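This briefing goes through one protein structure by topic. Please have the sequence and the 3D view open while reading.

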Amino acid sequence: MKITILSGATRESSHSTSIAKRLEKKFYEIQEDLDIVLIDNRKLRLPVYDNFENLTNEEKDRLDAISGTFFSSDALIIVSPEYNGGMAGGLKNTLDYFRKEYEWRPMGLVSVTSGTLGGQNAMNQMAAFASYVGACLAPTRLMVSQVQEVVNHPHSAESVRFEKNAEKFCSDLLRFAQIIKNGMLNYSLVK
Ligand SMILES: Cc1cc2nc3c(=O)[nH]c(=O)nc-3n(C[C@H](O)[C@H](O)[C@H](O)COP(=O)(O)O)c2cc1C
């Protein structure tokens with residue numbers, strides 16, 4: 001099973017990117033034969049959205065490669081920090097380059113904040129996006145509070161809570177993706 005994790009932050013020392021890497025590790029702990037692709041939005045450096053024909057050939061090639069990765073994934077996980085009461089703007093810019101890639105695709109959502117409310121506003125925006133583009137939204141979502149504690153203090157209460165919630169998120173996501181995959185065997189997700 002192929003799982004793609006899109007880490008949405010563009011900030012150099014982003015904590016939510018550390019969370020995306022922790023989730024990659026967690027998936028492998030649960031099922032070692034998974035094929036996991038971690039896309040770091042910081043490295044994509046996509047321009048602010050423009051018509052496809054205005055992009056450079058190099059940018060078009062990069063977008064084609066991401067599109068191919070999305071199309072071949074059994075699930076897409078989106079990780080966003082909460083910035084100013086919503087998902088990260090750079091993430092939305094990346095997401096806007098694609099559309100058909102999301103249809104019927106199992107999608108797991110992860111919001112990350114240094115505060116105590118788990119990035120609820122970012123989560124709500126991502127859920128509205130997932131619904132709009134016709135993705136299959138996984139029932140279990142992961143909201144990470146006080147992320148600096150999770151990243152810097154592995155034995156803190158926040159870290160312990162994260163490990164437990166991440167375990168459930170990842171195993172539920174695999175189960176959900178498998179159910180959708182089996183149900184889709186007689187159908188194809190056409191381009
Ligand atoms: C521009 C900016 C806006 C932010 N806005 C919010 C916010 O609205 N709500 C919140 O809980 N945290 C907010 N934060 C704090 C982030 O939750 C915190 O930086 C956390 O580590 C996740 O972001 P990161 O991946 O960039 O580290 C903001 C951070 C930045 C840089």
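**The ligand and its surroundings**

The ligand is surrounded by 14 residues, and the closest are Arg 11, Ser 14, Ser 16, Tyr 83 and Thr 113. A residue counts as near a molecule if one of its heavy atoms lies within 4 Å of it. The model is predicted, so local features need pLDDT of at least 70 and side-chain atom pairs count only at pLDDT 80 or more, while totals for chains, interfaces and linings use all residues. Residues are numbered from 1 along each chain as its sequence is written, and side-chain values use heavy atoms, with hydrogens and water left out.

- Ser 14 has a polar side-chain atom 2.7 Å from an oxygen atom of the ligand.
- His 15 uses its backbone: an N or O atom there lies 2.8 Å from a ligand oxygen atom.
- In the side chain of Tyr 83, an N or O atom is 2.5 Å from an oxygen atom of the ligand.

**Strands and their pairing**

Helices (H or I, at least four residues) and strands (E, at least two) are DSSP runs, numbered from the N terminus. Two strands pair if DSSP finds at least two bridges between them.

- Strand β1 (residues 2-7) runs parallel to strand β2 (residues 35-40), and six bridges join them; Thr 4 stands opposite Val 37 in β2.
- Between these strands the chain passes through helix α1 (residues 15-30), and this β-α-β crossover is right-handed. Right-handed means that, with the strands pointing away from the viewer, the path from the first strand over the helix to the second runs clockwise.
- β1 also pairs with β3 in the parallel sense, over five bridges, and the bridge partner of Leu 6 in β3 is Ile 78.
- β3 and β5 are parallel too, with six bridges; Ser 80 stands opposite Ser 111 in β5.
- β3 and strand β4 (residues 86-87) run antiparallel and are joined by two bridges, with Gly 86 in β4 as the bridge partner of Tyr 83.
- β3 and β4 form a hairpin with two residues between them, and Asn 84 in the turn has a positive phi of about 45°.

**Buried parts**

Buried means under 20% relative accessible area, exposed over 50%, and partly exposed in between (1.4 Å probe, protein chains only). A nonpolar core is a set of buried Ala, Val, Leu, Ile, Met, Phe, Trp, Tyr and Cys residues joined through side-chain atoms within 4.5 Å.

- The largest nonpolar core has 29 residues, of which Ile 19, Leu 23, Phe 27, Ile 77, Val 110 and Val 144 touch the most other members.
- The largest share of this core, nine residues, comes from α7.
- A second, separate core has 26 residues, including Leu 46 and Met 107.
- In β3, seven of the nine residues are buried.
- Thr 69 lies in helix α3 (residues 57-71) and counts as buried because its relative accessibility is 17%.
- Leaving aside neighbours within four places in sequence, Thr 69 is in contact (heavy atoms within 4.5 Å) with Lys 2, Thr 4, Val 37 and Ile 39.

**Exposed loop residues with positive phi**

- Arg 45 is not a glycine, yet has a positive phi of about 45°. Arg 45 is in the loop between α2 (41-44) and α3 and is exposed, with a relative accessible area of 68%.
- Trp 104 has a positive phi near 65°. Trp 104 is in the loop between α4 (89-95) and β5 and is exposed at 51% relative accessible area.

Note on methods: Polar contact = N/O pair within 3.5 Å; in protein donor to acceptor, adjacent residues only side chain to side chain.
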